[in-house]
Amino acid sequence: QVQLVESGGGLVQAGGSLRLSCEASGTIFSPNVMGWYRQAPGKQRELVATETYGGKINYADSVKGRFTISRDNAKNTMSLQMNSLKPEDTAVYYCNLVYLGTMPPRTYWGQGTQVTVSS
(Lines give C-alpha, C1' and ligand atoms only; values in the text may rest on other atoms or scores of the structure.)
Protein backbone atom coordinates (compact mmCIF):
# COMPACT_ATOMS: atom_id res chain seq x y z
CA GLN A 1 0.00 0.00 0.00
CA VAL A 2 1.14 3.52 -0.79
CA GLN A 3 0.59 6.50 1.47
CA LEU A 4 0.95 10.08 0.28
CA VAL A 5 1.28 13.00 2.68
CA GLU A 6 1.21 16.61 1.53
CA SER A 7 2.55 19.64 3.36
CA GLY A 8 3.22 23.30 2.72
CA GLY A 9 -0.20 24.78 2.07
CA GLY A 10 -1.33 28.03 3.61
CA LEU A 11 -2.54 31.57 3.08
CA VAL A 12 -0.63 33.92 0.78
CA GLN A 13 -1.31 37.21 -0.94
CA ALA A 14 -1.69 37.43 -4.68
CA GLY A 15 1.70 37.54 -6.35
CA GLY A 16 3.29 35.52 -3.58
CA SER A 17 4.81 32.05 -3.56
CA LEU A 18 4.26 28.74 -1.82
CA ARG A 19 6.00 25.39 -2.03
CA LEU A 20 4.06 22.17 -1.60
CA SER A 21 5.71 18.88 -0.75
CA CYS A 22 4.52 15.30 -1.00
CA GLU A 23 6.16 12.32 0.64
CA ALA A 24 5.30 8.83 -0.54
CA SER A 25 5.74 5.83 1.71
CA GLY A 26 5.15 2.14 1.30
CA THR A 27 6.16 0.04 -1.68
CA ILE A 28 6.62 2.32 -4.67
CA PHE A 29 6.81 0.49 -7.97
CA SER A 30 7.70 1.90 -11.34
CA PRO A 31 6.68 2.82 -13.95
CA ASN A 32 4.60 5.48 -12.30
CA VAL A 33 3.45 9.03 -12.66
CA MET A 34 3.29 11.47 -9.76
CA GLY A 35 1.34 14.66 -9.93
CA TRP A 36 -0.57 17.47 -8.32
CA TYR A 37 -4.27 18.06 -8.71
CA ARG A 38 -6.49 20.69 -7.18
CA GLN A 39 -10.14 21.17 -6.37
CA ALA A 40 -11.76 24.51 -5.76
CA PRO A 41 -15.15 24.79 -4.00
CA GLY A 42 -17.96 23.82 -6.33
CA LYS A 43 -15.59 22.68 -9.06
CA GLN A 44 -14.24 19.37 -10.27
CA ARG A 45 -10.77 18.20 -9.39
CA GLU A 46 -8.33 19.26 -12.09
CA LEU A 47 -4.80 18.44 -13.12
CA VAL A 48 -2.11 20.92 -12.16
CA ALA A 49 1.11 19.14 -13.14
CA THR A 50 2.48 15.63 -13.52
CA GLU A 51 5.92 14.11 -13.83
CA THR A 52 6.70 10.56 -14.90
CA TYR A 53 9.31 8.42 -13.21
CA GLY A 54 11.54 9.15 -16.19
CA GLY A 55 11.15 12.91 -15.87
CA LYS A 56 8.56 13.80 -18.50
CA ILE A 57 6.58 16.80 -17.24
CA ASN A 58 3.15 18.11 -18.11
CA TYR A 59 1.48 21.31 -16.87
CA ALA A 60 -2.02 22.67 -17.06
CA ASP A 61 -2.10 25.75 -19.28
CA SER A 62 -3.30 27.84 -16.35
CA VAL A 63 -0.09 27.28 -14.37
CA LYS A 64 2.56 27.15 -17.10
CA GLY A 65 5.38 29.55 -16.39
CA ARG A 66 4.32 30.01 -12.77
CA PHE A 67 4.47 26.52 -11.21
CA THR A 68 7.34 24.04 -11.23
CA ILE A 69 6.99 20.36 -10.39
CA SER A 70 9.94 18.23 -9.37
CA ARG A 71 10.42 14.79 -7.90
CA ASP A 72 13.21 12.87 -6.24
CA ASN A 73 12.81 9.20 -7.08
CA ALA A 74 15.46 8.12 -4.58
CA LYS A 75 13.60 9.81 -1.72
CA ASN A 76 10.06 9.19 -3.03
CA THR A 77 9.25 12.86 -2.71
CA MET A 78 7.71 15.45 -4.97
CA SER A 79 7.31 19.20 -4.74
CA LEU A 80 5.37 21.97 -6.43
CA GLN A 81 6.88 25.44 -6.42
CA MET A 82 4.10 27.96 -6.99
CA ASN A 83 5.03 31.51 -7.92
CA SER A 84 2.97 34.52 -8.97
CA LEU A 85 -0.04 33.05 -7.25
CA LYS A 86 -3.50 34.28 -8.19
CA PRO A 87 -6.78 34.17 -6.26
CA GLU A 88 -8.02 31.62 -8.78
CA ASP A 89 -5.28 29.24 -7.60
CA THR A 90 -7.18 28.89 -4.32
CA ALA A 91 -8.05 25.22 -3.87
CA VAL A 92 -7.26 22.05 -2.01
CA TYR A 93 -4.15 20.57 -3.62
CA TYR A 94 -3.78 16.80 -3.76
CA CYS A 95 -0.72 14.67 -4.34
CA ASN A 96 -1.33 11.76 -6.70
CA LEU A 97 0.57 8.65 -7.73
CA VAL A 98 -0.47 6.32 -10.53
CA TYR A 99 1.25 2.98 -10.86
CA LEU A 100 1.18 1.98 -14.51
CA GLY A 101 2.22 -1.66 -14.09
CA THR A 102 -1.28 -3.03 -13.57
CA MET A 103 -4.48 -2.97 -15.60
CA PRO A 104 -6.24 -0.82 -14.65
CA PRO A 105 -3.51 1.38 -13.21
CA ARG A 106 -3.55 1.82 -9.44
CA THR A 107 -4.18 5.35 -8.24
CA TYR A 108 -3.31 6.77 -4.84
CA TRP A 109 -4.23 10.15 -3.33
CA GLY A 110 -3.03 12.20 -0.43
CA GLN A 111 -5.38 13.86 2.01
CA GLY A 112 -4.95 17.30 0.45
CA THR A 113 -3.56 20.62 1.62
CA GLN A 114 -5.37 23.94 1.44
CA VAL A 115 -3.92 26.81 -0.56
CA THR A 116 -5.65 30.16 -0.21
CA VAL A 117 -4.58 33.18 -2.24
CA SER A 118 -6.01 36.51 -1.13
CA SER A 119 -6.49 39.43 -3.52
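This is a predicted model: local features need pLDDT of at least 70, side-chain atom pairs count only at pLDDT 80 or more; totals for chains, interfaces and linings use all residues.

Modeller: Let's start at asparagine 76, which sits in the loop between β7 (67-72) and β8 (77-82). Residues are numbered from 1 along each chain as its sequence is written, and side-chain values use heavy atoms, with hydrogens and water left out.

Back to asparagine 76: its phi is positive, about 55°, although it isn't a glycine. Asparagine 76 is partly exposed, at 25% relative accessible area. For that term, under 20% is buried, over 50% is exposed, and anything in between is partly exposed (1.4 Å probe, protein chains only).

Now hop along to the loop between β8 and β9, where you'll find serine 84. Serine 84 has a positive phi too, near 50°, and is a residue other than glycine. With a relative accessible area of 41%, serine 84 is partly exposed.

Serine 84 also brings us to arginine 66, because the two are in contact (heavy atoms within 4.5 Å). Arginine 66 is in the loop between β6 (57-59) and β7. So which is it, buried or exposed? Arginine 66 counts as buried, with 11% relative accessibility. Its side chain makes a polar contact with the side chain of aspartate 89, at 2.8 Å. A polar contact is a pair of N or O atoms within 3.5 Å; within protein, one must be able to donate a hydrogen and the other to accept it, and residues adjacent in sequence count only if both atoms are side-chain atoms. Leaving aside neighbours within four places in sequence, the contacts of arginine 66 include Gln81, Met82 and Leu85.

Leucine 18 lies in strand β3 and is buried, at 15% relative accessible area. Leucine 18 and leucine 80 are 62 residues apart along the chain, yet their C-alpha atoms are separated by 8.3 Å.

The peptide bond joining serine 30 and proline 31 is cis, with omega about 10°. There's another cis bond from methionine 103 to proline 104, omega near 0°, and proline 104 is in the loop between β9 (91-99) and β10 (106-109).

Zooming out, the protein chain has 0 helices and 11 strands. Of its 119 residues, 40% count as buried. Among contacts between residues at least 6 apart in sequence, 54% join residues at least 24 apart. The C-alpha trace spans about 45 × 25 × 25 Å along its principal axes.

How values were computed. Helices (H or I, at least four residues) and strands (E, at least two) are DSSP runs, numbered from the N terminus.
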